[in-house]
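Please keep the sequence and the structure in view while reading.

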Amino acid sequence: MAFFIPGSYPTAQSSSALTRGNRSSSFFINDRCLPLLNQIAPLLFFHAVRSQSGCFLLDYMGKNIVKMTVSGDNSETIGIAPTEMIFEPILEDGVFRFDCSVEHRKAAFPSVSFKNIKDREVPVISHNVPAYTPTCVSLEEKQVVTFEFPPGTSFYGTGEVGGELERTGKRVFTWNTDAWGYGPGTTPLYQSHPWVLVVLPTGETLGVLADTTQKCEIDLRKEGIIRIIAPTSYPIITFGPFSSPTAVLESLSHAIGTVFMPPKWALGYHQCRFSYMSEKRVAEIAQTFRDKKIPADVIWMDIDYMDGFRCFTFDKAFFFCSGSFQERFPDPSALANYLHNNGFKAVWMLDPGIKKEEGYSVYDSGSKDDVWVKQADGNPFIGEVWPGPCVFPDYTNSKTRSWWASLVKDFISNGVDGIWNDMNEPAVFNTVTKTMPENNIHCGEDELGGVQNHSHYHNVYGTLMARSTYEGIELADKNKRPFVLTRAGFIGSQRYAATWTGDNLSTWEHLHMSISMVLQLGLSGQPLSGPDIGGFGGNATPRLFGRWMGVGAMFPFCRGHSEVATDDHEPWSFGGECEEVCRAALKRRYQLLPHFYTLFYIAHTTGAPVAAPIFFADPKDSRLRTFENAFLLGPLLIYASTLNNQGSHELHHIMPKGTWLRFDFEDSHPDLPTLYLRGGSIISVAPPHQHVGEFTLSDDLTLLVSLDENGKAEGLLFEDDGDGYGYTKGKFLITNYIAEKHSSIVTVKVSKTEGDWQRPKRRVHVRLLLGGGAMLDAWGMDGETIKINVPSEHEVSELITKSNESFKLHMENTKLIPEKEMLPGQKGMELSRVPIELNNGNWKLNIIPWIGGRILSMSHVPSGVQWLHSRIDINGYEEYSSTEYRSSGCTEEYNIIETDLEHASEEESLILEGDVGGGLVLQRKISIPSDNPNILRIASTIEARSVGAGSGGYSRLACLRVHPTFTLFHPTESFVSFISIDGLKHEVWPDSGEQIYEGNNLPHGKWMLVDKSLSLQLVNMFDVSQVVKCIVNWDSGTVNLELWSEDRPVSKESPLEIEHEYEVTSFP
């Protein structure tokens, strides 16, 4: 395998051998300089041999590592053959470090992902060798690493990513990015995990970590091949192969650390909104939870609690609301006391952007201590965020982290229980990259990599902020566990913070995707995560919200959150049916809290995941590897429906091998997931309290018992104070319960215990699962032996049959949560309607006729690139009917005139039209031609349908303005290229702002959006006779490539037309 780089240079004058020049270590052939070879000159010591084909083969240690061809067309081509990486065992048995060479090993930066950086640097004694050795080539300051695995291998991990659970066939980029409303093909997102979990056909599993903080490409598009590309030099760390994926994750945790032990209240339900605008509103929300007996533990304060978005301040001003003036947050300590007295904790947001304002104490103290990220010229970088012009703490420096931690410590004294770090990619407004310049300077300490530019530290900025926040909370109270939630992160950030999946949307697609995203984060070492339940952007429907709450209540982190200007998204906001489902879902979670808490103790102490894909139950079963609507919580299996009109009981439940017994809490509902317990397992269940503070050790304890085929079961329960660090000093109780069937008697007892705590005096309710929801019950005291008499096989069979029939009848008579039609003026509800999918050839589109006929997403299937993905009410692909921005045409409801979406082998097309006023109709045909599936064709017209006779048959002035908004995956490596009508070549880069092209400057029927990092270009072809103006407009993370028709009146005989096509080709 090799990769090739073409280039054109002066011609050679004669034929001769390859020689090494004496001018700056350059290489020459017949006095001709070879610039491409010069790039690798310092790394090569070789002699050259000319082959029969005319190629020069450059030999190193007996291997032809470079092939060079000099052609008659003045071109030089160099192919570098990969070499095996050198390795050494580190950390523990089965873990290896790989480097391209000894020199690369010495040049590698310190590890930020490892909890102990020496563990990566110090070899251990081992007689084992790697099962799989990667190859490596280095060229143009890039290191390309390749692994080859057998056919049938499945790839997972890669951290926070949208789309499918199995990552085989995908390509991921690591560059933390503010990605509002991301789609399944959007990459990168908010976090970076250069990590792949490799499940071999045998079920054995291997982990691959590219230990680099820099921008990284993980290419999994070819079966069995991992290709990693990042700036040199960085090591590869492999873990395994081991017998199971859990063993790999446990080994990974020995390197990067385990998740922090969360306080127990953090595992309850969290209610959030952008924003609850006053302490009065916060108190109303808290009281409503208690009045309606919906369990909840935490209320969150988004950015509007601050005074002018200044961090570490509170807005104590009055504002007008509901007919009267109210104070916003005049006394945060009093609000905290109210919440605490009602069983709630309070989490408050802190962003990294600090308002540049003299007299603002945080800015003044930071400037005095010189803690800000610097520009290349040495002055503090200033970027626009919520407060306006801001400076940014340089968390790579210990002095800055201590400064921030001291501010957090003081902030906690206001009754703050946890802190939410948002916008910490870091996000910056009004810039095409959506972040600070890569040449900014960080004064990092040596153990992190020393003084480096921002490109080196960008991906760990959020993690280091979370670390600083965590340490500040620790300083405030040594007897409480910190709770931090971070949006941005890097592999290893779970040591300091939980995370969520960012600014998702209130759509069924995002509900479905949330399961895979939570699982991928868990497979990448971050077990404490969850989505914004109900979706952040737009308004959920009652059914969507209730369904999402049913699934979300089973996620490790459980929080509802919604965007400003949307409808209320509390559990009672969608009608009685939805409220009842939400109440039942959260009661389930609170009953299962002993199980959740035990899973987190195991995760904290061993590195095992909390939520895992269903294939963890049997990694050898290839059927299970792509399941996306089921997951495991230890031995508990969750089956959820993410389809609008299908209840969970209507799914085809494919089960892993072994015994899996269905059960419920007498709460079965089509909108709630179906629960199964694996044979051989015991899990602990508590009463359904309203908040964690109501739980006591004397509460009745329920044990759910599912026997395996041998009539045995076992389970673990961890108990401690729920907060603090007593558990590290023996102040806890771990109980191992076992059950065993002898003849017709099942005996349940304690087999062993750990910890200094005495066993509480409490009753134990044993529920023996029989199958089909049937159970047998027995009571006793904890610590004593409890026996259950099992009826005959015939009687058990009858109980199961009766229970199954009852369940079936109940589910048939229980209807899905009713949907509601969108009310006039009800903003955002349209998000929950299902887009029309156009999927054929190389293209997959989602189109929403009901709001501008907008193309919401546009994915190129072969490359896996989602060139266009937008929010529902703006951007995407839209068209206007006049020269004014967002004129009629982009918001109207379009009618579907014709569809042909049924036959994948034939042309798929959709014709829509919308009334744009003045007797005009905008019609659009979107098609993928059957004879050329590489092409996406859009033909649009503005036609005069009912123009008054008094106007002579002509309409108002009209202009067909095509306005697509494309996503920039790599803004600094993207540009627009075209040759204009006058023959000049143009390259338009993001720093050029808006550019307008007319006349002879117009692209000559074709222009390209190029992404050099992807080596792809989106080609837009059009008829120049229909287009009079082209506009390139760069924005924050996006670019518009506009086509304008002439601006004139329209008649029936003279419509305005633009027909154009898109195609994706390689670049260069």
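Domain 2 and domain 3 are joined by three salt bridges, a salt bridge being a side-chain nitrogen of Lys or Arg within 4 Å of a carboxyl oxygen of Asp or Glu. Helix 12 (542-552) is among the elements that give two or more residues to the side of domain 2 that touches domain 3; the others are helices 5 (279-291), 10 (461-476), 11 (508-523), 13 (576-591) and 14 (593-606). Helices here are DSSP runs (H or I, at least four residues), numbered from the N terminus. Helix 14 supplies the largest share of that side, 10 residues.

The model is predicted: local features need pLDDT of at least 70 and side-chain atom pairs count only at pLDDT 80 or more, whereas totals for chains, interfaces and linings use all residues. Residues are numbered from 1 along each chain as its sequence is written, and side-chain values use heavy atoms, with hydrogens and water left out.

The domain assignment, automatic or from a database, places domain 2 at 264-605 and domain 3 at 611-813. Their centres, taken over C-alpha atoms, are 33 Å apart. Contact (heavy atoms within 4.5 Å) involves 51 residues of domain 2 and 52 residues of domain 3.

The size of an interface is often expressed as the accessible area lost when the parts come together. For domain 2 and domain 3, the buried area (accessible area lost, 1.4 Å probe, summed over both parts) is about 4600 Å², with 63% of it on carbon and sulfur atoms.

Technical notes: Buried area is the accessible area (1.4 Å probe) that two parts lose on being put together, summed over both.
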